[in-house]
Amino acid sequence: MGLTFEHVTLGQRVLFGTGAAAASLASEVARLGAQRLMVITSERVRKTACTVAADVEVALWHHDVAMHVPIETAEKARAAAGEHGIDLLVCVGGGSTTGLAKAIAMTLRLPIIAVPTTYAGSEATNVWGLTEASRKTTGVDDAVLPVTVIYDAALTLALPVAMSVASGLNGIAHCIDSMWAPRADPINAALGAEGIRALSHGLPLITEDPAGAEGREQALYGAYLSAVAFASAGAGLHHKICHVLGGTFNLPHAQTHATVLPYVLAFNAPYASDAEARIAAAFGTADALTGLQELRKRLDAPKALSDYGFAADGVAEAAAVVQPTVPASNPRPVTTENLTRLLQAALSGEDPRGLLEP
């Protein structure tokens with residue numbers, strides 16, 4: 001039948017330039033005609049955010065940010081935006097900060113300018129996530145897609161190397177999951193492959209020279225590509241697992257993704273030869289898992305979920321919650337037994353090659 005697919009590209013303005021964030025934000029605020037800005041940022045990033053917003057007038061600063069966006073945190077921020085007559089949201093920070101801006105935009109339909117300081121990628125997707133009663137719910141709404149993303153590698157210089165590694169591997173997880181997610185297509189695959197190449201080039205440079213711009217720029221570029229691929233392809237098995245581990249067990253987002261990734265890749269690779277070959281080519285290695293593991297070793301990446309608070313008594317619950325959410329597109333049939341095996345391997349940090357056998 002030939003090549004047949006349906007692809008949707010989200011409309012978004014991207015401004016990329018090291019040292020240009022403040023000027024870019026001022027020009028975008030003027031272009032949008034906004035009068036009442038709410039800047040959302042964590043206490044950790046407050047100083048950076050003040051630098052970014054130096055040339056604009058801010059009506060409200062909001063610092064109450066939490067991982068996985070608890071519904072209580074979202075409702076407090078929504079109320080604050082409404083009370084102050086906000087007409088533009090500016091989020092400066094990582095995925096949690098962007099996620100909170102999205103939670104506000106969901107209900108108040110306000111535009112967002114995202115200024116990332118990590119490689120989370122949320123800024124380039126129309127996906128939102130909220131946690132309530134230990135369950136993380138995600139959905140899609142074009143209203144939460146930031147109208148503009150401002151990338152400035154200088155803003156990531158304060159991100160510690162270990163966190164840069166975990167965040168960057170989260171970006172690679174977006175790329176790999178896009179190869180077999182529900183709406184996977186050749187365009188997503190091409191973007192994902194280039195994202196893997198850029199991130200696998202940039203992350204080692206960051207570890208070797210944390211103050212250098214090249215590694216940070218390549219990582220930001222790769223993170224953007226990974227997010228665009230993910231936004232189009234949707235969430236695959238990897239993200240379904242990590243959303244449960246984060247929402248139900250409150251595991252840290254980036255480290256969880258970085259830890260789980262090789263296990264999902266090993267699990268699916270024997271059943272997805274085309275995707276496996278594309279991933280391997282992006283890493284420049286004979287097979288995909290070798291490429292990922294060589295990179296992880298070079299980066300001293302997170303190794304075991306037990307290091308982040310996950311325990312053996314949580315495996316059965318995690319498997320039970322993940323199982324109904326597994327996409328039909330996953331190349332390998334997922335059962336309670338093999339999903340439990342995957343989680344047990346990630347818990348202890350064992351060699352993921354043990355999952356390669358069909």
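I187 lies in helix 6 (residues 186-208), where helices (H or I, at least four residues) and strands (E, at least two) are DSSP runs numbered from the N terminus. At 34% relative accessibility, I187 counts as partly exposed; buried means under 20% relative accessible area, exposed over 50%, and partly exposed in between (1.4 Å probe, protein chains only).

Before going on, a word on the model: it is predicted, so to speak of local features takes a pLDDT of at least 70 and side-chain atom pairs count only at pLDDT 80 or more, while totals for chains, interfaces and linings use all residues. Residues are numbered from 1 along each chain as its sequence is written, and side-chain values use heavy atoms, leaving out hydrogens and water.

**A surface patch**

Together with L3 and F5, I187 forms a nonpolar patch on the surface, with about 300 Å² of accessible area in total. Patches are made of residues with over 30% relative accessible area and no salt bridge, with like charges joined within 9 Å and nonpolar side chains (Val, Leu, Ile, Met, Phe, Trp, Tyr) within 5 Å. A salt bridge here is a side-chain nitrogen of Lys or Arg within 4 Å of a carboxyl oxygen of Asp or Glu. Accessible areas come from the Shrake-Rupley method with a 1.4 Å probe, and for residues only the protein chains shown count as cover.

**The whole protein**

Let us step back to the overall picture. The protein has 13 helices and 8 strands. Its radius of gyration is 19 Å, close to the 21 Å that the globule rule gives for 358 residues, so the protein is as compact as a globular protein of that length. That radius is taken over C-alpha atoms, and the rule is 2.2 Å times the number of residues to the power 0.38. The C-alpha atoms fill a box of roughly 60 × 45 × 40 Å along the principal axes. Buried residues make up 57% of the 358 residues. Of the contacts (heavy atoms within 4.5 Å) with a separation of 6 or more, 75% are between residues 24 or more positions apart. The accessible surface comes to about 13900 Å², and 53% of this belongs to carbon and sulfur atoms.

Just after helix 7, G234 takes a positive phi of about 95°; just after helix 13, G349 has a positive phi of about 80°. Within helix 13, the buried residues are N338, L339, T340, L342, L343, A345, A346 and L347. They pack against helix 8 (237-249), helix 9 (253-268) and helix 12 (315-322).

S232 lies in helix 7 (residues 213-233) and is buried, with a relative accessible area of 9%. Leaving aside residues up to four places away in sequence, S232 touches H7, V8, R183, D185 and N188.

**Two more residues**

V149 is found in strand 8 (residues 148-151) and is buried, at 0% relative accessible area. Not counting residues up to four places away in sequence, V149 touches Q12, R13, V14, L15, A114, P116 and E123. V149 and C91 are 58 residues apart in sequence and 9.8 Å apart in space, C-alpha to C-alpha.

E294, in helix 11 (residues 288-299), is partly exposed at 48% relative accessibility. E294 and G236 are 58 residues apart in sequence, and their C-alpha atoms are 23 Å apart in space.
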